[in-house]
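User: Hi! Could you walk me through this one? I'd like to go over the helices, the interface and the charged pairs.

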Amino acid sequence: MSFFLMLLAGFFLPLFPLSMVFNALLGRIKNPIAQVLLIFIWPQIGVFLLAWAGLPLDSGFFVGWAVLTAVFYAWRLLTVRVLSQWAGMLATSAWALTWIIAADLPASSELHSFALWMSVAPALLIFIAIALQERFGAAYSGLVVGLARALPRLSSVIVIVVLAAMALPIFPSFFAMLVLLAHSSILFALPILLTWLLWSWAGTRLLNGFVFGPRAETDAADLSSTTTWGFVGLIAAIVVINLIWTGA
Amino acid sequence: MNLQWLIPLLPLLSALLVQLFAARLGKRVAHLSVALGTLTVIVAAYQLVAYIGTDASPSWHSLGTMWGSLYVDPLSSIMSLVVAGISLIVHVYSIRYMTEEPGYPRFFLLLDLMTASILLMVAAGDLVTLLIAWHMIGIMLYFLLGQNTESWPSQRYAFWTFITYRLGDLPLVLAAVLLYQTYGAIDFPTLFSRIAADPNATIMGVPTAITAAFLVALSAFAKSAQFPLHTWLPYTMEGPTPVSALMHAGIVNAGGFIINRFAPVFVHSDGVLHMLFVVGLITALVGSVLMLTQNDIKKSLGYSTMGQMGFMVMECGLGAFSLAVFHLIAHGLFKGTMFLGSGSMIHEARKHDGVPHNPLHTFLVERKSASLKLPWLFIGLATLVVPLFILVIAHWFVAPDFFEKQGAIVLLFFGWITGVQVLFATHHLDANNPIRMMMMILLSFTLIVVGYTVIGHAFENFLYPEEAFRNALYHAAGIDKLTFDGLVFLLALIVVAGWFSSYLASREKSVFGDRFGAVRLTLYSLISREFYVADLYDRMAHWLLDASKRFNVWMRWY
């Protein structure tokens, strides 16, 4: 029973190749609100299933599988150019790490919060994708480079969200990674750090594909001041809530 | 709230004000940034004077939360003043230097955030605060180096720096996790006292202190451009000159700082100290060799910094932790000045190179030796004996028992060799009065060595007031006598051989003929391609990217 529950959880806290289901589903859904909802709800289902299977997990096999999935998707992220796909693969890589905490903790509350904080950056990326699609017809890295000079407000927001995606301070995912490492053994710490490094590499490639480069020749309008401050305010609120949550 | 909090908070406030008032004030926001930078220097200076004046002991100041604290000790006090001072100079310099560049307010915003990050790092009182500051430095440097958002080379080299810094961030994270898992504390006073109480604690059968020291060292290697993680440093010259100055004067020294911060961990990790020495030595050699072969002044300065960082790490490996801090401060001020002056020099050189075509030019630029002016044997003896005599006297003056410490002997040895090389090289120079010139060189050498030794000794007493701890560091860095004597003998042989070959090379006709021509050519190719290290990384990166792309296509991007 517990094995099948864990196998089922492998669809929601994605384990490759079961992870392809989530990525295919995210690709099929066209409504951005539905995409964001999917990103927030999907891993929580996985956590419920793991809790049902019994925590802490006693299956080294599943944890090892999850770690490999995280590294694998982080590596694949390097060459993904469609922003919504990028968000999906980042989420896949990040959620897979939940299994490591599950192997160490008897309660599911920390797993729920880990999955939640790891979902923030992919969800924000979906919003960025919408903004880019409205202006250029596609959110494709390398399609229009050099937005920093042409659309500075949108570029600033892209930079902030990509930094969050790389799990850098002081975004929620940074603290989530610290919690994860505190619950992992040295054996798993190394692939976790490798995954983290690959996210950083992939993130800078994304910035090069949108923000940097010779000034884009475009008539597209920049984000309005209100929208920019609204977005930055939303991110700031998430950061503050997370800081309170983590005990700062 | 302690006044120390103001030191990182003032630049942070400055960054916020720059962002808020950039549209209204235009380029005048830079003055706002400079004003707050000046205030930061004043507060940092006051804190240092207050610390020394009141004969205070280290103190820990928390916000009352799980993390978020400052540790006020001699190291953080002195580093805060140095960082704030260098940052202020860079701010003032940038007001005019950056005025024609796009993104002028953004530059000052980033400069302020960078300053705040470094100031937070040097005074961090717990592992999480330190990690945040440590990460933030890499992020800010990435954007500062990529200030010109339209330049692909700027972005390329900013990325090199960023990814190397990320490589350096992660071992520190792991070290912090191991220390927390073993000792159950994140604040430095508690953590260090628990390490002192139980230095041999293990986790999963692995000795924690040694492993953590190893990881901290790896982190320091990336931040301080140690071989083979050095490739980013010489290429960061694509960034604005003020950023180069700040980086070479302050940021790159982070490695030396972090090793000093974790001195209570390193004192129980003798093997790691030896590794520091070896890596520092290789870096110093590679950096110096590559510096000599560059024809771009800024790149040459970059490799010079790499060599200096090698020396700094090597000093840590010898147990001379305070000397490394003294070195990083002295080098920071010296190199920062050079960078800030390099633009003017290039500008002047475009109009007139200003170099007289005399024997000095022939020696330094054309790399040809001038004729000898004094008997070679006399100079050989003088250059061997005089620096050694000066060093012995200087160290006897500050601490007669200094020679009992291996680290000190190695430092003396390096000082001696450097002195010999300087004297021997300058001996080739032409002068109207060669004896007077030699005397002047000896006098300046004496002043430098004595000054350095006395100040270094005083500085050591300030940074590490506990004599037992200082001795423990030297003891941990020590090696057994036979190995030590063997190494000294080997090094002496290498230096003498190099010295002899230099003499032979200075002769018009080589005694070896063209026998080693092919070897020299191969060596030159290797050096001119910077030992292919960057090419190797580039090839590996391309391979990984190609494989990733193929796999994604095969998996239909799911």
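**Helices, interface and charged pairs**

Analyst: Happy to! Let's start with helix α13 of chain B, residues 270-292: at 1.5 Å a residue its 23 residues should span 33 Å, and the end C-alpha atoms are 33 Å apart, which agrees. Keep in mind that this is a predicted model.

User: Which residues of α13(B) are buried?

Analyst: Among them are V272(B), L273(B), L276(B) and F277(B). Further along the helix, the buried set includes G280(B), T283(B), A284(B), G287(B) and L290(B).

User: Thanks. How far does helix α5 of chain A reach from its first C-alpha to its last?

Analyst: Helix α5 of chain A, residues 83-96, reaches 20 Å, close to the 20 Å expected for its 14 residues at 1.5 Å a residue. α5(A) is also mostly covered, with 13 of its 14 residues buried.

User: Back to chain B as a whole. How many helices and strands does it have?

Analyst: Chain B has 23 helices and 4 strands. Of its 558 residues, 52% count as buried. Taking contacts in chain B with a separation of 6 or more, 77% are between residues 24 or more positions apart.

User: Now the interface, please. How many residues of chain B are in contact with chain A?

Analyst: There are 42 of them, and they are in contact with 50 residues of chain A. The area buried between the two chains is about 4400 Å², and carbon and sulfur atoms give 75% of that.

User: How many salt bridges are there between chain B and chain A?

Analyst: The count is 1 salt bridge. R149(A) pairs with E150(B), and their closest N and O atoms are 2.4 Å apart.

User: Which helices of chain B each supply at least two residues of the side that touches chain A?

Analyst: Those are α5 (127-145), α6 (152-183) and α23 (533-554) of chain B. The largest share comes from α6(B), with 14 residues. By class, the side of chain B that touches chain A has 32 nonpolar, 7 polar and 3 charged residues.

User: Why does H135(B) count as buried?

Analyst: H135(B) counts as buried because its relative accessibility is 1%, and the cut-off for buried is under 20%.

User: You mentioned R166(B) and D169(B). What do they form with each other?

Analyst: They form a salt bridge, with the closest N and O atoms 3.0 Å apart. The two are 3 residues apart in helix α6 of chain B, so about one helical turn separates them. D169(B) counts as buried at 1% relative accessibility, and R166(B) counts as buried at 1% too. Together with K223(B), they are linked in a network of salt bridges.

User: Nice. Is E530(B) buried or exposed, and what about K299(B)?

Analyst: E530(B) is buried, with a relative accessible area of 9%, and K299(B) is buried at 17%. These two form a salt bridge, with the closest N and O atoms 3.1 Å apart. The pair links distant parts of the chain, 231 residues apart: E530(B) is in the loop between α22 (517-528) and α23, while K299(B) is in helix α14, residues 297-317.

User: And in chain A, what do the side chains of E134(A) and R135(A) meet in?

Analyst: They meet in a salt bridge, at 4.0 Å from N to O. E134(A) is exposed, with a relative accessible area of 63%, whereas R135(A) is partly exposed at 23%. Over all chains, the structure holds 8 salt bridges.

User: Last one: where does R261(B) lie?

Analyst: R261(B) lies in helix α11 of chain B, residues 254-261. R261(B) counts as buried, at 3% relative accessibility. Leaving aside neighbours within four places in sequence, its contacts include Y71(B), D73(B), S76(B), F188(B) and F192(B).

Notes: Residues numbered from 1 in each chain as written. Chains lettered and ligands numbered in written order. Predicted model: local features only at pLDDT ≥ 70, side-chain atom pairs only at ≥ 80, totals over all residues. Heavy atoms only, no water. Expected span 1.5 Å × (residues − 1). Buried < 20%, exposed > 50% of the residue type's maximum accessible area, 1.4 Å probe, protein only. Contact = heavy atoms within 4.5 Å. Buried area = accessible area lost by both parts, 1.4 Å probe. Nonpolar A, V, L, I, M, F, W, Y, C, P; charged D, E, K, R; others polar.
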